[in-house]
Amino acid sequence: MSEKTGFLGSIVETIKTIVYALLIAGVFRTLFFQPFWIPSGSMKDTLLIGDFLFVNKMVYGYSYASCPSIRIPQVGLDIGADDFCGMFEDADERLFGSDPERGDIVVFRHPVTGQDFIKRLIGLPGDRIQVRDGLLYINDEAVQVEDAGTFVETFEQQGPFRLTPQCANGTVGVRAECIKDRQIETLPNGVQHSILNVGDRQLDDTGVFTVPESEFFFMGDNRDNSTDSRVPQNAGGVGFVERKDLIGRADRVMFSSSGRSMLAFWTWRSDRYFKALE
């Protein structure tokens, strides 16, 4: 065997190894778990900007939305699940499907933009959902809430998008304490979770939303800083989300970074390693 042939052979073997690795990773991500990084504060204090988790894709079964999406804005790459599996997008049933439960933290594909969102499931098909004076009503019954002190964070730019938090204690300076009121909300099925409130906001009072068949209603735990089902899709919100757009359930934070990059290990939050989500 010539030196040239041996060199070309090693190149071919390397390419084959890379292709096989990508195929295995693609199958793993499509069928089992999808990595998800939290870019915004809409789910504080359950999820913080910079939390990294794996989404369980097996729990709700599979639809076109289970196919991976690849978005790298820096190089102009934007391949959505519909590009991979668009031929299945109109299918109403999910393969090996089961419906999520109220209170689940769900990753879903935005019905219009195709972006992946993460919110808490509040309304099931047929439910009537309303917010009055900041209090959630499900089927005309107010959910139980109890005060749980405050959530305090530093007012500074957070994450790679350099977002700044909203504060119940008004306008504060950089590095000052940013405070939000914290409550524990109990849903009708007994699921308890933390919610945050900043103050009086437009979405503290809504009309009644009747959730259509095969669709779901989602809200962020950071109630005054969340784009969710309280705003319809034609107004820039999430609106109702169809069953086929569900991707999976978030169960646990793997690790978390308070810096601009997950690679900046000195900014990792050690208290959030493998943290179970409620």
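Visitor: Is Glu153 buried or exposed?
Guide: Glu153 counts as buried because its relative accessibility is 11%, where buried means under 20% relative accessible area, exposed over 50% and partly exposed in between, with a 1.4 Å probe and protein chains only. Bear in mind that this is a predicted model, in which local features need pLDDT of at least 70 and side-chain atom pairs count only at pLDDT 80 or more, while totals for chains, interfaces and linings use all residues. Residues are numbered from 1 along each chain as its sequence is written, and side-chain values use heavy atoms, with hydrogens and water left out.

Visitor: What does Glu153 form with Lys44?
Guide: Glu153 and Lys44 form a salt bridge, with 2.9 Å between the closest N and O atoms; the term stands for a side-chain nitrogen of Lys or Arg within 4 Å of a carboxyl oxygen of Asp or Glu. This pair links distant parts of the chain, 109 residues apart, since Glu153 is in strand 10 (residues 144–154) and Lys44 in the loop between strand 1 (33–37) and strand 2 (51–56). Strands here are DSSP runs of E, at least two residues long, numbered from the N terminus. Lys44, at 4% relative accessibility, also counts as buried.

Visitor: Which residues are linked with Glu153 in a network?
Guide: The salt-bridge network links Lys44, Glu153 and Lys180. The side chains of Lys180 and Glu153 meet at 2.6 Å, N to O, and this pair connects strand 11 (residues 177–186) with strand 10 across 27 residues of sequence.

Visitor: How many salt bridges does the structure hold?
Guide: There are 13 salt bridges in the structure. Another of them joins Glu185 to Arg223, with the closest N and O atoms 2.8 Å apart. Glu185 lies in strand 11 and Arg223 in the loop between strand 14 (215–219) and strand 15 (241–242), so the pair ties together parts that are 38 residues apart in sequence. Both Glu185 and Arg223 are buried.

Visitor: What lines the largest cavity?
Guide: Its lining includes Arg223, along with Val131, Leu135, Met219 and Arg230 among others, and the largest cavity holds about 50 Å³ of space. By class, that lining has 5 nonpolar, 2 polar and 3 charged residues, with Ala, Val, Leu, Ile, Met, Phe, Trp, Tyr, Cys and Pro counted as nonpolar, Asp, Glu, Lys and Arg as charged, and the others, Gly among them, as polar.

Visitor: Back to the backbone: which peptide bond is cis, with omega near 0°?
Guide: The peptide bond from Lys44 to Asp45 is cis, and Asp45 sits in the loop between strand 1 and strand 2.

Visitor: And what is the phi of Asp133?
Guide: Asp133 has a positive phi of about 50°, although it is not a glycine. Asp133 is in the loop between strand 7 (128–132) and strand 8 (135–138), and its relative accessibility of 65% makes it exposed.

Conventions
Helix = DSSP H or I, 4+ residues; strand = E, 2+ residues; numbered from the N terminus. 1 Å grid on protein atoms, 1.4 Å probe; cavity = no way out; pocket = protein on both sides within 12 Å on 5 of 7 lines; lining within 4 Å. Points joined across faces, edges and corners; volume = space filled by probe spheres on them.
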